[in-house]
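Subject: Structure handover

Hello,

Here is the structure I promised you. Please open it and keep it in view while you read my notes.

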Amino acid sequence: MPVARTADLLASAVAAGRGLPAFNVITLEHAEAIVSGAELTGSPVVLQVSQNAVAYHGGRLLPLARACTELAAAAKVPVSLHLDHVEDFDLLRASAAAGFSSAMYDASALPHDENVKRTAEAADWAHRHGLHLEAELGRVGGKDGEPPLSPHAPGARTDPAEAARYVAETGVDALAVAVGSSHAMTTRTALLDHELIRRLAEAVPVPLVLHGSSGVADEELSAGIAAGLVKVNIGTALNTAFTPVVRQRLAEEPGLTDPRTYLAPARSAMAETVARLSHVVGRAHRAAL
């Protein structure tokens, strides 16, 4: 199956009134688990490589990107490649040649006017090179080891009127919004603001994206999609499935040296998590706006 384009997967999700799961890739095991889990449920899926993951691999984008491309091309379900949380414009420029069909340019920490200016430049470049561009407005805290930001903090949540202006001024194709979730949560206790999501979906003409979805329970994810969310980004949930299996396996047999003996079951645990969350996200139905 040819590697899918994120824009097409999003369009199909919007037309069907369903969510689109997008999972973060750190290692090859992550990518394999994501594809395997998506195949278990027959769900389209987005493989996301973040700027942090690229840094982890020595700043080299192509090795991991090419592995993801090969897995996507061999998958039994539609799989696209997305470059996530890009702040480095040079990395954004490298994305098209590396096989990515979409990217998220993250200027959310900058003052608003500078965010608009840089994001508009990124969107212009992306569109001239055939890429779909996502951006973020509001503050989804907890990224890069920063302390979690209360969703009730002043300016934390995305304002619908401001979001509509932002999309018009920047020309982005999807918008990540702050509606109560936080990055890197290991407990699923975040409560989404469903009324705000509905107001954003009515005001914004592009698909809405939820970052920090690992901290959101299944019922909340379903309700968020029903309210208007489309793309649902998941990362930490894979790591919380993976790491305990490795830890337990090594504790049971401290003399193990072959990494395959503990990476294989950990990869399977991630695939099970992907399958479960893909089912939740892909089966939730959006209410009529």
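In which sense do strand S3 and S4 pair, and over how many bridges? Strand S3 (residues 79-86) and S4 pair in the parallel sense, over three bridges. Two strands count as paired if DSSP finds at least two bridges between them. Helices (H or I, at least four residues) and strands (E, at least two) are DSSP runs, numbered from the N terminus.

Some ground rules. This is a predicted model: local features need pLDDT of at least 70, side-chain atom pairs count only at pLDDT 80 or more, and totals for chains, interfaces and linings use all residues. Residues are numbered from 1 along each chain as its sequence is written, and side-chain values use heavy atoms, with hydrogens and water left out.

The overall picture

The protein chain has eleven helices and eight strands. Of its 289 residues, 53% are buried. Buried means under 20% relative accessible area, exposed over 50%, and partly exposed in between (1.4 Å probe, protein chains only). Take the contacts in the chain with a separation of 6 or more: residues 24 or more positions apart account for 72% of them. A contact means heavy atoms within 4.5 Å.

The barrel

Eight strands close into a barrel, in the order S1-S2-S3-S4-S5-S6-S7-S8, and the pairing is parallel. From one strand to the next, the twist averages 30°. Angles run from 0 to 180 degrees between N-to-C directions, and axes are lines fitted to C-alpha atoms, for helices over the stretch in contact.

Follow Ser102 across the sheet. Ser102 in S4 is the bridge partner of His82. Ser102 also stands opposite His132 in S5. Three bridges join S4 to S5, and these strands run parallel.

S5 is mostly covered, with six of its six residues buried. His132, Glu134 and Glu136 point one way from S5. Leu133, Ala135 and Leu137 point the other way. In a regular strand the side chains alternate between the two faces of the sheet.

His85 has a positive phi of about 50°, although it is not a glycine. Most residues other than glycine have a negative phi. His85 is buried, with a relative accessible area of 9%.

The helices

Start with helix H6 (residues 112-128). The expected span of a helix is 1.5 Å times one less than its number of residues. H6 has 17 residues, so it should span 24 Å; its end C-alpha atoms are 24 Å apart, which agrees. The buried residues of H6 include Val116, Trp125 and Ala126. Among the elements that cover them are helix H5 (89-95), strand S4 (102-105), strand S5 (132-137) and helix H7 (160-170). H6 is followed by Gly130, whose phi is positive, near 80°.

Now helix H9 (residues 218-227), where Leu221 and Ile225 are among the buried residues. Their cover includes helix H8 (194-203) and helix H11 (260-283). Gly228 follows H9 and has a positive phi, near 140°.

Last, H7 and H8. Their axes come within 9 Å and cross at roughly 35°. The contact is made by Pro160, Ala163 and Ala164 of H7 and Leu196, Arg199, Leu200 and Ala203 of H8. By class, that gives six nonpolar, no polar and one charged residues. Ala, Val, Leu, Ile, Met, Phe, Trp, Tyr, Cys and Pro count as nonpolar, Asp, Glu, Lys and Arg as charged, and the others, Gly among them, as polar.

Best wishes
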